[in-house]
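Welcome! Take a moment to turn the model around on your screen before reading on. The briefing below will then walk you through some of its parts.

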Amino acid sequence: INRKKVLLMLKKLLDQHNNLRILYKSFMGIGLSNDPINQMFSKYINQGRVLITSESPIKLMPKIDITLFDMISTGFAEATQIGVPTLVFSNRENYELASEEGKRINDELEKSGMVFYDEVAGIKSFDGLMNNLNSFQEASKDPIRQFQEAVAHPVTPEEFRSKLKKSLVI
């Protein structure tokens, strides 16, 4: 469901930015024959403005200017670690599933313009990034650091051992 919203936003961005080219890596578990990108973007694919790739994202990211994800994921973590400006068209359902710390970090990522929940905010974030990359990078520096720290140490060693002991009790 979020996928369609992401694709609609990308279509608007292609219409608004004549020099925009997109490398599209299909969503996990979806064959390209069933992927809506073929119908929605056929004009842009024929123009060479949308290129479909199966190359590993980790190999692609150092070669591109911006990444866009539909959720905060491993790919998001990799992109931020590499230093590629990154946007996330997230959804409120994933937000509600996050821990309190995760929600706090999502809120900070949203304030910086990295995370957004609708097409209008996404286009605004994209345009902000394109118009002032330095400002975008400065605004996202602290939220990225918070995210990286939370991922690196999601629980204290004591919490981990306690949970492990509880799970081993029969």
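Here is a short tour, from the whole chain to single residues.

This is a predicted model. Its chain holds 10 helices and five strands. Of the 170 residues in the chain, 36% are buried. If you take the contacts between residues at least 6 apart in sequence, 61% of them join residues at least 24 apart.

**The three-stranded sheet**

- Look for an open sheet of three strands, ordered β3-β4-β5, in which the pairing is parallel.
- Its edge strands are β3 (67-69) and β5 (115-116), and each of these pairs on one side only.
- Helix α1 (residues 2-16) packs on this sheet and touches β3, β4 and β5. The direction of α1 makes about 130 degrees with that of β4.
- Strand β4 (residues 86-89) is joined to β5 by two bridges, in the parallel sense.
- Which residue of β5 is the bridge partner of F89? The partner is F116.
- Helix α8 (residues 119-131) also belongs in this picture, as it lies across β4 and β5. Compared with β4, α8 runs at about 175 degrees.

**The pair β1 and β2**

- Strand β1 (residues 22-25) and strand β2 (residues 50-53) run parallel, joined by four bridges.
- Which residues of β1 are on its covered face, and which on its uncovered one? I22 and Y24 form the covered face, while L23 and K25 form the uncovered one.

**Helix α7 against helix α9**

- Helix α7 (residues 100-112) packs with helix α9 (residues 133-152) at an angle of about 165 degrees, and their axes are 8 Å apart.
- Angles over 145 degrees count as roughly antiparallel, and α7 and α9 are therefore described as roughly antiparallel to each other.
- The crossing in which α7 passes α9 is left-handed.
- On the α7 side, the contact is made by E101, R104, I105, E108, L109 and S112. On the α9 side, the residues are F136, A139, S140, P143, I144, Q146, F147 and A150.
- Sorted by class, this contact of α7 with α9 has eight nonpolar, three polar and three charged residues.

**A closer look at S112**

- S112 lies in helix α7.
- Is S112 buried or exposed? Its relative accessibility is 10%, and the cut-off for buried is under 20%, so S112 counts as buried.
- Leaving aside residues up to four places away in sequence, S112 touches F136, A139, S140 and P143.

**Helix α5 against helix α9**

- Helix α9 has contact with helix α5 (residues 74-82) too: the axes of α5 and α9 come within 11 Å and cross at roughly 125 degrees.
- The two helices, α5 and α9, are therefore oblique to each other.
- The crossing of α5 and α9 is left-handed.
- F76, A77, T80 and Q81 of α5 make this contact with I144, F147 and Q148 of α9.
- By class, the residues where α5 meets α9 divide into four nonpolar, three polar and no charged.

Key: Residues numbered from 1 in each chain as written. Predicted model: local features only at pLDDT ≥ 70, side-chain atom pairs only at ≥ 80, totals over all residues. Heavy atoms only, no water. Pairing = 2+ DSSP bridges. Contact = heavy atoms within 4.5 Å. Axes fitted to C-alpha atoms, helices over the stretch in contact; angles between N-to-C directions. Parallel < 35°, antiparallel > 145°, perpendicular 65-115°, else oblique. Left-handed = near helix turned anticlockwise from the far one by under 90°. Nonpolar A, V, L, I, M, F, W, Y, C, P; charged D, E, K, R; others polar. Buried < 20%, exposed > 50% of the residue type's maximum accessible area, 1.4 Å probe, protein only.
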